[in-house]
Amino acid sequence: MADVATVEGAGYVGVRDAGKAGMHAIIDSNLLVFFDEALMQKASCMIDLQSLPPRDKYDLDSIPLIVKAGYPAVAPILDELLDWTADSNWPAASPLADFLVTLGPPLIDPISQVLQGTDGLKSGIASI
């Protein structure tokens with residue numbers, strides 16, 4: 001499990017040991033930066049989290065990018081990714097669901113919110 005800590009003065013959340021030995025990540029709500037511990041001054045990979053979710057139900061090109069980013073990188077957008085699995089007839093739904101089920105425990109809260117009717121989408125519809 002990754003260690004989570006606040007990076008002083010930056011307002012970011014740092015995730016240590018992000019999948020590979022010597023790799024670390026810094027996450028804010030829009031950007032994930034992976035960096036090698038030995039090369040702290042040089043980012044080796046940057047991901048714009050807002051560009052990861054499918055743009056439409058036919059956007060199969062986004063799925064490999066989501067899978068490559070993996071967890072914990074996609075943690076801030078799990079709810080949005082789960083929304084794309086709502087209709088199993090959507091071409092992007094099945095491959096995205098195949099990835100999401102591999103995450104295990106991180107999906108418990110988002111799925112519980114959907115089942116209890118407290119996810120953002122349902123509460124937004126209920127207020128209309």
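Leaving aside its neighbours within four places in sequence, which residues is I66 in contact with? The views below start there. This is a predicted model, where local features need pLDDT of at least 70, side-chain atom pairs count only at pLDDT 80 or more, and totals for chains, interfaces and linings use all residues. Residues are numbered from 1 along each chain as its sequence is written, and side-chain values use heavy atoms, with hydrogens and water left out.

**View 1. I66 and its contacts.** Beyond those sequence neighbours, I66 touches L52, P53, P54, V74, L81, L96 and F99 (contact: heavy atoms within 4.5 Å).

**View 2. The largest nonpolar core.** It holds 18 residues, and I66, V74, L96 and L100 have the most contacts inside it. A nonpolar core here is a set of buried Ala, Val, Leu, Ile, Met, Phe, Trp, Tyr and Cys residues joined through side-chain atoms within 4.5 Å; buried means under 20% relative accessible area, exposed over 50%, partly exposed in between (1.4 Å probe, protein chains only). Helices (H or I, at least four residues) and strands (E, at least two) are DSSP runs, numbered from the N terminus.

**View 3. P54 in its loop.** P54 sits between β5 (45-48) and α1, and is buried at 5% relative accessible area. L81 is 27 residues away in sequence, yet the C-alpha atoms are 8.1 Å apart. Contacts of P54 outside four places in sequence include D59, W84 and A92.

**View 4. The D59 and R55 salt bridge.** A whole-structure search turns up 1 salt bridge (a side-chain nitrogen of Lys or Arg within 4 Å of a carboxyl oxygen of Asp or Glu). D59 and R55 meet at 3.5 Å, N to O; D59 is buried at 5%, while R55 is exposed at 64%.
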